[in-house]
Amino acid sequence: MEGVFKGDENYLNLEATELRLGLPGTNESSVTKNNKRASPESGKKIGFNGDSAPKSGDPVTAQPPKAQIVGWPPVRSYRENNFHPNKSESETGIYVKVSMDGAPYLRKIDLKVYSGYSELLKALESMFKFTIGEYSEREGYNGSEYAPAYEDKDGDLMLVGDVPWEMFISSCKRLRIMMGSEARGLGWGA
Amino acid sequence: MDPNPKKPNIPTPDSAISNGSTHSYSLVPDEVLEKVLSLVDSHKDRNSVSLVCKNWYNAERWTRTNLFIGNCYSVSPEIVARRFPRIKSVRLKGKPRFSDFNMLPRDWGADVNPWVVMFAKVYPFLEELRLKRMTVSDESLELLAKSFPDFKALSLSSCDGFSDDGLNAIATHCMSDLFPFEESVEVAQIMVEAVADCNSEFVLRCREISVSNVKASSEEGRYSTEKSMVSFLSRFSTSWTYSKVVLLDVSFLEHEKRNLTELNIQDNGTEDIGGGWLSCFPDNFVSLQVLNFASLNSEVSFEALERLVSRCKSLRVLKVNESVNLEQLQRLIVLAPQLTELGTGSFMQELTPRQYEDLEISFRNFKDIQALSGLWEVTSLYLPVIYGACAGLTFLNLSEAALQSVEFSKLLAHCPNLLRLWVVDTVEDKGLEAVGSSCPLLEELRVFPADPYDRHHRHGVTDSGFLAVSHGCRKLHYVLYFCRRMTNAAVVTIVQNCPDFTHFRLCIMNPGQPDYITNEPMDEAFAAVAKTCTKLQRLSVSGLLTDLTFEYIGKYAKNLETLSVAFAGSSDRGMQCVLEGCPKLRKLEIRDCPFGNAALLSGLEKYERMRSLWMSACNLTMKGCMLLARKMPRLNVEVIKDEESDDSQADKVYVYRSIAGPRQDAPPFVLTL
């Protein structure tokens, strides 16, 4: 659906004009497909104010990043991007605790791993085995018992998705998946 | 001296046939045949044995205890259950290899559940299960945990679908609870003794007990799947039980041998499944010998891990995950100096000088260590703590550690006995030169790319590094090499230095890249490999390649079993040469090559002699695949539909022989033609 992957579409157009060394007719797709069938999150209008743009290549050479071909080179996915010898402080992950009402122990996730709200929410859904409803600015998360909330720098409990992604990951101190009536209270604007 | 000069009249095969006798050629009594066959281990030999005659087929199937199935869809659980009654260990493989690189949609299949359900019914004395590229649900793991009182070893390699809950079940039920079953066996044994003593009263009494047990079970109503297999079995009549015991040759009295000894999880995905399972091993569980959870991401309870290691005195393989830090590692290894294989956790932690020293001493105390891995985020500062353990090391796996050439060279100086080395290309050519000079016994080298998608433009390794290794390590026979440039001349020299290659997997990471000095295709390189390495079993080609490469492979690679091809070839002729020329070919995987229907259809009977064929992003159409399917009914020709591609193209094709017919569990996007 439009609006959802706009950022990626622009990225694609850059690639069409890039000169490449390769066999003519080589099948190249710019977006790394994941295993799931491509199903745009129809109906979910999660605020995409500032999904982080895909990182471009080395700024010194100003070369557009090489298009990534699915499954090539043949390395297992966990080997991706594991080794950056010049890892500075700012490149280490942003780990926050995640609690879910009713669950006995907490989990920890690295917010840097996700490029936007949709990925984060999907990960939370699969980690805690629940579904999040549809987000809208007006009503918060509709359609499920759970709502993802977070504690920000000021100690306030906020609803996940209200602020641009970059602002979110820099201000989020911990996540809390709230349940039931408490959750509904949050969605109704101040 | 032969006391019996007259030789007995032994029936020859010819006389047996010409006499029209219904007995096949068997001058060997069945019991002897079975005894001899029980010593035959290799499944290839056993398959040959089973083809000799009906007697041998039967003797073989009764004595086979190790089952190996290279493609889970080539046969069905029912067929296996009918043929082999006495299986104790199973190795089962599922998805095609390209699923490791995200080329297979999720939910493609290879669910182990129907197999586990069958094993629970037919092989209650199963001891080992080793799975590769299969989907393993928590339900399957729970069934596994509860159904096999003798279960010893579970190995999951590149598997998915399970979570903490499933592993939880395995840990919780790691000790067998056989008491009710034992009771019935004891009654059976008493009964047999009583028969021998002609004590009919005793025999009748035993029979009454067993019969009443059977009655009790039928009164309780139908067996529900929730009851454990063990309690169900205890209701069986003792005579039935005892006969099974004799048949299966299981000794129930050896308590210690009945519990879990191995839990081995490798190359798992990156999903965080939870770490609570480790805390579920009972406090009196002491028999663990192999524990590998290095590829699981979640934090486990260190206290539980420490207690487990301290009470399992037979532990010889311990591979922890990244969540275990250096301080914790130290506490673990002082408890287990007997380890032969160690996988450390994270090496990134600030240590005091005292802690550093303690760690050094602990590594020196390993007398039997042969393999070392893990070492996440190790830096040049702390790498030296492991030096003390390196003298006897035969396998060093640094594929999680981005070492630079200087610290790597220093480390290698301590490892003269290395046979297998896995490393990341951050060590560069200079590091590989050190390999050549420090490790003369090396047989296997794998160099992984730190930056596979070229985001940071690192140098990596090149032709000169590979050359340097080949000069110093003449026994090299297995290589996996990811590089950004290569020349024909280098490869020609390399195989002259090391002609014994059995596995040659070269990946020039830029698709279709020529020799970077001559700008020629890399045909000459692989021609040299095929010609010089007569023992070659596995080959992966890359770079700019014409049909010439495949002509050479077809002509010279007579022992080739596995071939992987990507972005190569000029026409159908390439694939045809391979299909016509390589008699031992079993697995052929091809992607992004200009091979079309003509090439596909030049295989036909060949595919029945192979395990499988994978072709993706080639020039195949649905018509071509349907023709193949029609001509070869004993092959499963499967097309994986891609939403984006049009209906006439066959974008991903998987062909394999099967005696089980088309898949019953195929998802909607897999079409069996």
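How many of the seven residues of strand β5 (residues 146-152) of chain A are buried? Six of them are, so that this strand counts as mostly covered; buried means under 20% relative accessible area, exposed means over 50%, and partly exposed lies in between (1.4 Å probe, protein chains only).

Before we go on, a word on the model. It is predicted: local features need pLDDT of at least 70, side-chain atom pairs count only at pLDDT 80 or more, and totals for chains, interfaces and linings use all residues. Residues are numbered from 1 along each chain as its sequence is written, chains are lettered from A in the order in which they are written, and side-chain values use heavy atoms, with hydrogens and water left out.

**Strands in chain A**

Helices (H or I, at least four residues) and strands (E, at least two) are DSSP runs, numbered from the N terminus. Two strands pair if DSSP finds at least two bridges between them. Strand β5 of chain A has an antiparallel pairing with β7 (residues 172-179) over seven bridges, and there A:D152 stands opposite A:C172. Another antiparallel pairing, over three bridges, joins β5 of chain A to β6 (residues 157-159); here A:E151 faces A:L157. Four residues lie between the strands of this β5 and β6 hairpin, where A:G155 takes a positive phi near 85°.

Most residues other than glycine have a negative phi, and most peptide bonds are trans. A:P73 sits in the loop between α1 (6-16) and β1 (95-100) of chain A.

In chain B, B:D267 has a positive phi near 50°. Its loop runs between β5 (262-266) and β6 (290-292) of chain B, and B:D267 is partly exposed at 26% relative accessibility. B:L375 has a positive phi too, near 55°, and lies in the loop between β9 (371-373) and β10 (395-397) of chain B. With a relative accessible area of 0%, B:L375 is buried.

**Chain B as a whole**

Chain B contains 25 helices and 21 strands. It has 673 residues, and 54% of them count as buried. Contact means heavy atoms within 4.5 Å. Among the contacts in chain B between residues at least 6 apart in sequence, 71% join residues at least 24 apart. The chain exposes about 29,700 Å², with carbon and sulfur atoms supplying 52% of that area; accessible areas come from the Shrake-Rupley method with a 1.4 Å probe, and for residues only the protein chains shown count as cover.

An unreviewed UniProt entry places the feature "domain: F-box" at residues 28-69 of chain B. UniProt positions are given in the numbering used here, feature names are shortened, and annotations may be inferred rather than shown by experiment. Over that stretch the chain is 60% helix and 10% strand, and the end C-alpha atoms are 30 Å apart.

Helix α17 (residues 428-438) of chain B has several buried residues, including B:L432, B:A434 and B:V435. The buried residues of this helix pack against α16 (405-412), β11 (420-424), β12 (444-448), α18 (463-472) and β13 (478-483) of chain B.

**Salt bridges**

Side chains of opposite charge can pair when their charged atoms come close. A salt bridge is a side-chain nitrogen of Lys or Arg within 4 Å of a carboxyl oxygen of Asp or Glu, and the structure holds 27 of them over all chains.

| Pair | N to O distance |
|---|---|
| B:R307 and B:D283 | 3.7 Å |
| B:E444 and B:R446 | 2.7 Å |
| B:R484 and B:D454 | 3.9 Å |

B:D454 counts as buried at 11% relative accessibility. Both B:E444 and B:R446 are buried. In the remaining pair, B:R307 is partly exposed at 45% relative accessibility, whereas B:D283 is exposed at 58%.

B:D267 also returns here: A:R76, B:D100, B:R133 and B:D267 are linked in a network of salt bridges.
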